[in-house]
Amino acid sequence: MQPTVIAPSILSANFARLGEEVDSVINAGAEWVHFDVMDNHYVPNLTIGPLVCEALRKHGVTAPIDVHLMVEPVDGLIPMFADAGASHISFHPEASRHVHRSVQLIKSLGCQAGLVFNPASSLDVLDYLLGDIDYVLLMSVNPGFGGQAFIPSTLDKLRTVRAMIDASGRPIRLEVDGGVKPDNIGAIAQAGADTFVAGSAIFGKSDYAAVIAAMKQAVVAAR
Ligand code: DX5
Ligand code: ZN
């Protein structure tokens with residue numbers, strides 16, 4: 001199991017002052033910045049692109065930026081985000097015609113590569129790709145919007161992927177995204193996640209440090 005990472009999703013941040021918002025969550029104890037990219041094609045919503053990632057780096061953000069691509073296709077945007085300062089890039093396998101090639105592209109640009117699975121998606125591609133990736137991201141909501149409720153069947157799926165990762169012996173992170181809150185993060189950690197995305201649970205409160213501390217305490221208590 002990798003050390004715990006809390007990755008606030010900036011989807012729920014105040015975009016009119018995004019740099020300060022990111023500084024605030026990092027100062028409040030978050031390890032990564034989760035950066036949701038939506039294209040109004042793979043998902044119904046439309047968000048932010050490489051220019052905003054680059055702007056955060058220019059603002060002085062040094063924390064890992066975990067780019068979650070909810071776009072189709074993916075290969076054109078991967079080099080743009082690598083150039084813009086992404087440290088981690090994940091995509092949904094059904095959004096790439098050649099999944100292995102897209103993973104290799106991310107790795108060749110010096111970024112960590114992740115594969116993302118929707119609530120109804122099977123894990124089949126992991127049979128041949130677990131040896132090539134750095135993290136698995138399980139969606140615990142359907143992608144496209146913040147503020148949705150955690151889908152409970154994700155817990156079984158987390159246990160399945162945790163067993164696959166442990167059997168591989170590789171230092172692969174298991175990330176979960178959607179509806180993660182202080183009151184369910186313990187059960188999610190027990191099911192095997194080590195990397196926790198949370199948008200509305202953090203940015204929806206005024207005291208970011210208090211929420212992040214509560215989340216970390218719940219993870220420690222669950223282990
Ligand atoms: C949904 C995004 C999530 C979202 C999570 O498509 O991938 O990262 O921001 O938001 P919450 O934590 O509010 O469910
Ligand atoms: Zn996300």
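1. I202 is found in helix α8, which spans residues 200-203, where a helix is a DSSP run of H or I of at least four residues, numbered from the N terminus. The model is predicted, with local features needing pLDDT of at least 70 and side-chain atom pairs pLDDT 80 or more, while totals for chains, interfaces and linings use all residues. Residues are numbered from 1 along each chain as written, chains are lettered from A and ligands numbered from 1 in the order written, and side-chain values use heavy atoms, without hydrogens and water.

2. I202 counts as buried because its relative accessibility is 0%, buried being under 20% relative accessible area with a 1.4 Å probe and protein chains only. Although I202 and P8 are 194 residues apart in sequence, their C-alpha atoms are 6.8 Å apart in space.

3. Around ligand 1 there are 20 residues, the closest being S9, D36, D177, G199 and S200, and a residue is counted if one of its heavy atoms lies within 4 Å. By class, this shell holds eight nonpolar, ten polar and two charged residues, with Gly counted among the polar ones.

4. Oxygen atoms of ligand 1 lie 2.8 Å from a polar backbone atom of G144 and 2.7 Å from a polar backbone atom of G199. A polar side-chain atom of H68 lies 3.2 Å from an oxygen atom of ligand 1. Taken alone, ligand 1 exposes 380 Å², of which the protein buries 100%, these areas coming from the Shrake-Rupley method with a 1.4 Å probe.

How values were computed. A polar contact is a pair of N or O atoms within 3.5 Å; within protein, one must be able to donate a hydrogen and the other to accept it, and residues adjacent in sequence count only if both atoms are side-chain atoms. Helices (H or I, at least four residues) and strands (E, at least two) are DSSP runs, numbered from the N terminus. Buried means under 20% relative accessible area, exposed over 50%, partly exposed in between (1.4 Å probe, protein chains only).
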